[in-house]
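Please keep the viewer open as you read.

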Amino acid sequence: MFKLPSSEVPGYSAIYRNDQFKDGTLGSEFSHITTAYELFQHQLASAPKTDFLGTRKFNAADGSFGAFEWMTTTDAAQFVNDMGSGLDHVFAQYAPDAKGHGTQQPLGMYGNNRYEWFLTEFSAHRSRRYIVGICDSVDVESAEFIINHSDVQVIVCSIDKIPRMFDRLSVTPHVRVVICMDRLDCSRPNPLTLAFNKESAGRLRERAAELGITLFDIDEVLEMGRKSPTVARVPGPSDICVMCYTSGTTGTQKGVLLTHRGLIEASRSSHFNFRFRDSVHLSFIPLAHCLDRYVMYMFMHGGVRIGFSCGDRALLLNDLQELKPTVLIGFPLLLNSIYENMARATIKAKGPVGVLSRMAYRGKQKRLSATGDLCHGLWDRMLFRKVAALLGGRVKTVISGALDLKPEVINFFRAAFSCDVVQGYGQTETGGAGTIQRLSDYTSGHIGVPNGGSDIRLRNQPGYGYLATDVPCPRGELMIRSNTQFAGYYKEPEKTKATMDGEWLATGDIVQINPTGTVSFISRIKHHVKLNTGYCVSAERLENVYGGHPLVQSMFVDGHPDFGKVVAIIVPDPIEFVPWARVIAGLPEASLETLCGDAGVVEELRRTLLGYSASMGLSVGEQLGAVFIEPVPFREKNCGLFTS
């Protein structure tokens, strides 16, 4: 990491940059690409007849999925031209007064990841429109808020969303046109159309007419464009590309306006770090969020093939095995879940399998540390190739965003899949870019160095005890300055102003600059807990530290208002916890639920974690005053996210 000389000012650290881009720019390579539409044209020019987007073939008879079928870049370009022309006719006839940001019009997208969503984005960009994404799994109230706040009048959605939208039209009165991504005659079946038939779909048209809504399916709009092509009105770099809804750094939902320049610069900076070519990516992180779009733009710089998940979370591993991707992008929740299941079958297993797996794991770790080689001829052949096959057998790079991955998860992935594992940091407000770990870096516990073209610095947070002058590691709120920054929050000028410190984005996250020249995430400011003793602790940091103990699967930390100490709700790792707790309780046949409620077990777990906290260097104020044990994992109880 490169430190700009004499860049310190009172209250702030020095300014840091990626040492490969010391002048703060990304150089001239791909500099001619300044918009997402130009990026699509680059894809077309560089790989016109090659496979580009893949979708799994669906068998309506038994509900199964087969192999991926591929659309070439040339076919994708035809779709974009036809759909773009069709959208021009739809807006001109049915939503001529549609308003959005400035002179641009918004187009709503509501559904799961699929090629129709992805290509409709470029179709909208063809005429300077921008996308407003609504996540497939979002609750009804959130969807209604986004639709109303964004002023969308035309929405492209999957067929399962149409009855819901019609039922709630009274609270989304601006909607005038709904375009179904599925055939309304159900002649192109997929899992979403199975609940409909030709007659019930016909009734949707009747209902739309009664409500004064114009309803098309996507083929009808494509046909409009084919019959009467329009002239493209391409966007400029400062035009809005997408509006992503997020909680932002603080508060409730905000519409984050991201420009073409911002997203292209973000994706270009990451492309330079990875240089993916001849690679394959599975798209399953919602396109309504910033991350997967930013990632796919990154891939398009190198001509990577993109396959779309079938949409069923329970079949995600099956998607991976069928596509055999070379790159896996995921959040820690997903990667932790994969780790937990695979580790239980290998390094945490009992008997000969566990003994052999642990021996193999140690052998690979030793070789990696000594030589930097991710592969091991003996142990890969005997064990880890079979493990790697669970994700398709070809994964060479795993990229994790959001919160920190535990070191044991990173090390296991490197051993099991013989692949690079890197962590990155970004926010929707920065187009997904911020910091990224280098491929050649086999350490853990940090989020890398600044992306090329991004400057970072730390701002003092004395109220929480973090200062840029801290020794040996400067600490403070992460500030980012780059061309990837958002254009503001839609209709929220005061909140936009509050997020900026001059030309710097205040992320709301506490980090430290390590002696190795990397950045480590500590916690979000809003996740700090101030005890009634006046002592301030990072709940998120404590969750990560205590979560590294073998008995802990996950935990929630907060401050207790009465006795000024930290308390925790702990979900134990059943494989490690149950035999340990049975010994403590003297109940050799007790269930997990029984053990979680045993007072002696609870107190012994607290004492065990106190000893662990001392070994991890936690202060007295960061030690647990009380613990509560919850047998049901948080994700199963509250989140409904990926489990295998």
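The paragraphs below go from pockets and cavities to salt bridges and then to a surface patch. Keep in mind that this is a predicted model.

Let's start with empty space. Rolling a probe the size of a water molecule over the atoms shows where such space is left. The second largest pocket has a volume of about 800 Å³. Its lining is made up of 32 residues, and those nearest the centre are Phe 521, Ile 522, Arg 541, Asn 544 and Val 545. If you colour by secondary structure, look for helix H14 (407-417), strand S24 (519-524), strand S26 (536-538) and helix H16 (539-546), each of which gives at least two residues to this lining. Sorted by class, the pocket lining has 15 nonpolar, ten polar and seven charged residues.

The structure holds three cavities of 30 Å³ or more, and the largest cavity contains about 70 Å³ of space. Around the largest cavity you will find Tyr 110, Val 140, Ala 143, Glu 144, Ile 147, Arg 164, Met 165, Arg 168 and Thr 172. Helix H4 (140-150) and helix H5 (161-167) each supply at least two of the lining residues, with H4 giving the largest share, four residues. The lining of this cavity has five nonpolar, one polar and three charged residues.

Next come the charges. Side chains of opposite charge can pair when their charged atoms come close. There are 39 salt bridges in this structure. One of them joins Glu 8 and Lys 3, at 3.4 Å from N to O; Glu 8 is partly exposed at 41% relative accessible area, and Lys 3 is partly exposed at 42%. Another links Asp 160 with Lys 161 at 2.7 Å, N to O. Here Asp 160 is partly exposed, with 28% relative accessibility, while Lys 161 is buried at 2%.

Arg 606 is buried, with a relative accessible area of 18%, whereas Glu 603 is partly exposed at 28%. Elsewhere, salt bridges with shared partners join Arg 17, Asp 455, Arg 481 and Glu 503 into one network.

Leu 356, Leu 378 and Met 382 make a nonpolar patch of about 220 Å². Met 382 belongs to helix H13 (residues 377-388) and counts as partly exposed, at 39% relative accessibility.

Definitions and conventions: Residues are numbered from 1 along each chain as its sequence is written. This is a predicted model: local features need pLDDT of at least 70, side-chain atom pairs count only at pLDDT 80 or more; totals for chains, interfaces and linings use all residues. Side-chain values use heavy atoms; hydrogens and water are left out. Patches are made of residues with over 30% relative accessible area and no salt bridge: like charges are joined within 9 Å, nonpolar side chains (Val, Leu, Ile, Met, Phe, Trp, Tyr) within 5 Å. Accessible areas come from the Shrake-Rupley method with a 1.4 Å probe; for residues, only the protein chains shown count as cover. A salt bridge is a side-chain nitrogen of Lys or Arg within 4 Å of a carboxyl oxygen of Asp or Glu. Buried means under 20% relative accessible area, exposed over 50%, partly exposed in between (1.4 Å probe, protein chains only). On a 1 Å grid over the protein atoms alone, a cavity is a set of points where a 1.4 Å probe fits but cannot get out, and a pocket is an open set with protein on both sides within 12 Å along at least five of seven lines; lining residues have an atom within 4 Å of a point. Grid points are joined across faces, edges and corners, and a volume is the space filled by probe spheres set on the points. Ala, Val, Leu, Ile, Met, Phe, Trp, Tyr, Cys and Pro count as nonpolar, Asp, Glu, Lys and Arg as charged, and the others, Gly among them, as polar.
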